[in-house]
Amino acid sequence: MSTPTTPTTEHPPTAGRLLDVRNLDVTYAGGVAAVRGVNLTVDAGQKVGIAGESGCGKSTLALALLRLLPAGARVSGEILLDGEDVLTMKWGRVRAVRWAGASIVFQGAMHSLNAVHRVGDQIAEPILLHRKATAAGARKRTGELLEQVGLPAARASAYPHELSGGQRQRVMIAMALACDPRLVVADEPTTALDVMIQAQILRLIQQLVSEQELGLVMISHDLAVLSDTCDRLAVMYAGRVVEEGPARQVYEDARHPYGQALSAAFPRIGDAGSRFAPRGLPGDPPDPSALPSGCAFHPRCAVALASCATQDQFLRPAAPDRRAACVHVGTAGPADSAGPADPAGAAVTEEARSTP
Ligand SMILES: Nc1ncnc2c1ncn2[C@@H]1O[C@H](COP(=O)(O)OP(=O)(O)OP(=O)(O)O)[C@@H](O)[C@H]1O
Ligand code: SF4
Ligand SMILES: [Mg+2]
């Protein structure tokens, strides 16, 4: 994954690139700027995590990828799935792409599954519809999918309420895989599950992605889970990606003050000290219909400069293969964890200035 600092519209297609989101904006009715200028790429076999506090725009981004946003949401930018822009596709093509090109696993399987239909019928439905399979063929494929996610094929005859939370989430994953998508978007797929089942589901997702060379976009507020599961990690704040890079590096050595605060809120595996001293972030996330001026994080930022209240910041190189959107990044300031802050607060790069 990479997030270019300056949105452009003329990238050549890259071989093996499944998803290329360019300068995506989503505004809900009432001026709620939920996603702002997001760039994101996912290659075949790559697992990309999206992290951030509640309300930062993670689910909006996920829904936008498959054109599942409610009517009234204004969307601009490009969402290239295998080079084809999802935003300009005809509806018939969007419906085909939703299963065969990319599929989504939502949080809370109980709400996403239909309570009055057997789970096997629900898995078979897209196979019948999009694969034009016979009833017997769809039944066979349903059994295979259930076994692939670690459930006996006979569970196809169960109703959702007859399954545990973890089993239901496995059914959701089987449904997402039903038409052999190339990209899976998983929005908080394990949040409602206990830690043992959560670990099982995460292992399953990792295994399926690597066996089938899928691309994965996994959304969570839990940076520790994402750093364990994903190759790359993007941290969102107030609708923007404010930091991105290799997952473990972002988790263990965040460069953006918000990334640092988010990371400090989760205990480190193998670091007993952090388990007993998780730090919270003061203040609330901003209201996306009335965002603060300048850097949207400035009212909560411990290392803000006076200029942060007026100067917006955009992603810039923070280290090899890493980017962050902070005035201190690229200087010897606090976000680099080395030396004093830039006293003038004027370290806005040409890239930042030229980015709209
Ligand atoms: N249908 C909608 N209409 C108007 N505003 C919305 C709608 N859906 C979401 N929002 C707002 O958009 C912002 C982003 O919401 P979103 O659901 O994308 O956040 P999130 O990062 O997924 O949060 P969570 O971690 O709680 O799931 C929030 O302020 C939310 O209130
Ligand atoms: S730009 Fe300023 S307010 Fe924003 S994160 Fe960096 S120091 Fe904090
Ligand atoms: Mg969400």
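Colleague: Ligand 1 to start with. Which elements each supply at least two residues of its shell?

Modeller: Strand S2 and helix H1 do, each with at least two residues in the shell around ligand 1. Keep in mind that this is a predicted model.

Colleague: And where does the largest share of that shell come from?

Modeller: From H1, which gives three residues.

Colleague: Which residues come nearest to ligand 1?

Modeller: Tyr28, Ser54, Lys58, Ser59 and Thr60. They belong to a set of 14 residues around the ligand.

Colleague: How does that shell divide by class?

Modeller: Six residues are nonpolar, seven are polar and one is charged.

Colleague: What about ligand 2? How many residues surround it?

Modeller: There are 15 around ligand 2. Cys295, His298, Cys301, Cys308 and Cys326 are the closest.

Colleague: How many residues lie between S1 and S2?

Modeller: Three, and the two strands form a hairpin. Gly30 sits in the turn with a positive phi of about 90 degrees.

Colleague: How many bridges do S1 and S4 have?

Modeller: Seven, again antiparallel. One pair to click on is Thr27, which stands opposite Arg74 in S4.

Colleague: Next sheet. What is the order in the one with eight strands?

Modeller: S6-S7-S8-S3-S9-S10-S12-S11. This sheet is open too, but its pairing is mixed.

Colleague: Why do S6 and S11 each have a side without a neighbour in the sheet?

Modeller: S6 (102-105) and S11 (316-319) stand at the edges with a single partner strand each, so one side of each has no neighbour in the sheet. From one strand to the next, the twist averages 25 degrees.

Colleague: How many bridges join S11 to S12?

Modeller: Three. S12 is residues 322-324, and the two strands run antiparallel. Within that pairing, Pro317 stands opposite Arg323 in S12.

Colleague: Which strands does H10 lie across?

Modeller: S3 (47-51), S9 (232-237), S10 (240-246) and S12. H10 is residues 257-264 and runs at about 105 degrees to S9.

Colleague: Now helix pairs. At what angle do H4 and H5 pack?

Modeller: About 120 degrees, with the axes 9 Å apart. H4 is residues 119-130 and H5 is residues 135-148. At that angle, H4 is therefore oblique to H5.

Colleague: Is the crossing of H4 and H5 left-handed or right-handed?

Modeller: Right-handed. On H4, the contact uses Gly120, Ile123, Ala124, Ile127 and Leu128. On H5, the contact uses Ala138, Arg139, Arg141, Thr142 and Leu145. By class, that contact has six nonpolar, two polar and two charged residues.

Colleague: And H6 with H7? At what angle do they cross?

Modeller: Roughly 15 degrees, and the axes come within 10 Å. H6 is residues 165-177, and H7 is residues 195-212. These two helices are therefore roughly parallel to each other. The crossing is right-handed.

Colleague: Which residues make the contact between H6 and H7?

Modeller: H6 brings Gly165, Gly166, Gln169, Ile173 and Leu177. H7 brings Ile197, Gln200, Ile201, Leu204, Ile205 and Leu208. That contact of H6 with H7 has seven nonpolar residues, four polar and no charged ones.

Note on methods
Residues numbered from 1 in each chain as written. Chains lettered and ligands numbered in written order. Predicted model: local features only at pLDDT ≥ 70, side-chain atom pairs only at ≥ 80, totals over all residues. Near = placed C-beta within 6 Å. Helix = DSSP H or I, 4+ residues; strand = E, 2+ residues; numbered from the N terminus. Nonpolar A, V, L, I, M, F, W, Y, C, P; charged D, E, K, R; others polar. Pairing = 2+ DSSP bridges. Axes fitted to C-alpha atoms, helices over the stretch in contact; angles between N-to-C directions. Contact = placed C-beta atoms within 7 Å. Parallel < 35°, antiparallel > 145°, perpendicular 65-115°, else oblique. Left-handed = near helix turned anticlockwise from the far one by under 90°.
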